[in-house]
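Dear colleague,

Please find below the structure I am handing over to you. I would be grateful if you could read the notes that follow it alongside the coordinates.

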Amino acid sequence: MSAPTHTPAPRAVGANARLHWWTLALPALAFALLFTLLAGSGQAHADSGGGSALVQVTHQLLRAVG
């Protein structure tokens, strides 16, 4: 006598496939951030030693992680 087998349900493929929210949100966010960096680079100017907000945030993150 053979035992019944349980096969997993097939995954959705093609038109029925659903994407997670982050599969579209993360590339869009990356594009927006890079576009913002490129758009702001035309107005770049020398700082008087204080450092930009991005540099300060990066230093804080590195200090917290490391």
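The findings are set out below, from the whole chain to individual side chains.

Please bear in mind that this is a predicted model. The protein chain contains two helices and zero strands. Buried residues account for 0% of its 66 residues. Its accessible surface amounts to about 6,700 Å², and carbon and sulfur atoms contribute 68% of that area.

Helix α1 covers residues 22–40, with Leu33 among its members. Leu33 also takes part in a nonpolar surface patch of about 610 Å², together with Trp21, Trp22, Leu26 and Leu29.

Aromatic contacts were examined as well. A pair of aromatic rings is described by the distance of the centres and the angle of the planes. The search of the whole structure returned one aromatic pair. Phe31 and Phe35 form this pair, which is stacked, with 6.1 Å from centre to centre and 20° between the planes. Both residues belong to helix α1, where they are four residues apart, or about one turn of the helix.

Helix α2 spans residues 53–65, which is 13 residues. The distance from its first C-alpha to its last is 18 Å, close to the 18 Å expected at 1.5 Å a residue. The number of buried residues in α2 is zero, so this helix lies largely in the open.

With kind regards

Methods: Residues numbered from 1 in each chain as written. Predicted model: local features only at pLDDT ≥ 70, side-chain atom pairs only at ≥ 80, totals over all residues. Heavy atoms only, no water. Buried < 20%, exposed > 50% of the residue type's maximum accessible area, 1.4 Å probe, protein only. Areas by Shrake-Rupley, 256 points an atom, 1.4 Å probe, with all protein chains shown as cover. Patch = residues over 30% accessible without salt bridge, like charges linked within 9 Å, V, L, I, M, F, W, Y side chains within 5 Å. Salt bridge = Lys/Arg side-chain N within 4 Å of Asp/Glu carboxyl O. Expected span 1.5 Å × (residues − 1). Phe/Tyr/Trp six-rings, centres within 6.5 Å; stacked < 30°, edge-to-face > 60°.
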